Amino acid sequence: MIYVLTGAIRTGKTTALFHWIDDRKDVDGLLCPDDENGKRYFLKIKSKEKFKLEVEAEVETGNSIAIGNFKFLKSAFKEANDYLISTASEAENRYLIIDELGKLELKKEGLHRSAEALISRFKNDKAQHLILVVREYLLDAVLKHYAIIEYSLLKKVNLKEL
């Protein structure tokens, strides 16, 4: 089953997920919070391991992907995609989170590789569930891009129902 957690930009979607996973042992995947300097990083949910995602604007373009005013490390996306794909096969995980699908993924960059593989895998799975974080204004584009027809829409307040 696929769940899509949606909301406007900077409305606490990642924070809500962070609190929801706090006492759970059946969730893995990646969250993408901001650090104390306002820079985004990836957080592996089960291990709590962090790795750098966002870099300063002056970093060489060959090692990064720019979207708007942000620059992200290509190596971080490779590690994130590899992690998500390998984690999906672990049966003890009832939920797998991809935070988030957006403009990069619509251009087949960022987390596209893992999203494409995992969405098709989880579409008809009744035991394991994929939670995708998508900004409200990109919801229709993401659903169309990944041919997601059957899904449950989540808001932050609905997380406790899972």
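Me: In what order do the strands of the open 3-strand sheet stand, and with which pairing?

Reply: Start with the general idea: strands of a sheet pair through backbone hydrogen bonds, either parallel or antiparallel. Here the order is 5-7-6 and the pairing is antiparallel. Strand 5 (54–55) and strand 6 (64–67) each have a single partner strand and stand at the edges, so one side of each is left without a neighbour in the sheet. This is a predicted model, and its residues are numbered from 1 along each chain as the sequence is written. Local features need pLDDT of at least 70, side-chain atom pairs count only at pLDDT 80 or more, totals for chains, interfaces and linings use all residues, and side-chain values use heavy atoms, leaving out hydrogens and water.

Me: Over how many bridges do strand 5 and strand 7 pair?

Reply: Strand 5 pairs with strand 7 (residues 70–73) over 2 bridges, in the antiparallel sense. For pairing, DSSP must find at least two bridges between two strands.

Me: How many helices and strands does the chain have?

Reply: Helices (H or I, at least four residues) and strands (E, at least two) are DSSP runs, numbered from the N terminus. This chain has 5 helices and 10 strands. Its radius of gyration, taken over C-alpha atoms, is 15 Å, close to the 15 Å that the globule rule (2.2 Å times the number of residues to the power 0.38) gives for 162 residues, so the chain is as compact as a globular protein of that length.

Me: What is the strand order in the open sheet of 7 strands?

Reply: Follow it as 4-3-2-8-9-1-10, with mixed pairing. At its edges, strand 4 (50–52) and strand 10 (152–154) each pair on one side only. From one strand to the next, the twist averages 20°. Inside this order, strand 8 and strand 9 pair in the parallel sense over 6 bridges, and D99 stands opposite V133 in strand 9.

Me: Which strands does helix 4 lie across?

Reply: Helix 4 (residues 112–122) lies across strand 1 (2–7), strand 8 and strand 9, at about 140° to strand 8. Such angles run from 0 to 180 degrees between N-to-C directions, with axes fitted as lines to C-alpha atoms, for helices over the stretch in contact; contact means heavy atoms within 4.5 Å. Helix 2 (residues 74–87) lies across strand 6 and strand 7, running at about 55° to strand 7.

Me: Which peptide bond is cis?

Reply: Look between D99 and E100, where omega is about 5°. E100 belongs to strand 8. Another backbone detail is R10, which has a positive phi of about 60° although it is not a glycine; R10 lies in the loop between strand 1 and helix 1.

Me: Which residues are closest to the centre of the largest pocket?

Reply: Rolling a probe the size of a water molecule over the atoms shows where empty space is left. A pocket is an open set of points on a 1 Å grid over the protein atoms alone, where a 1.4 Å probe fits, with protein on both sides within 12 Å along at least five of seven lines; lining residues have an atom within 4 Å of a point. Of the 28 lining residues here, C32, R40, F72, E100 and R135 are closest to the centre.
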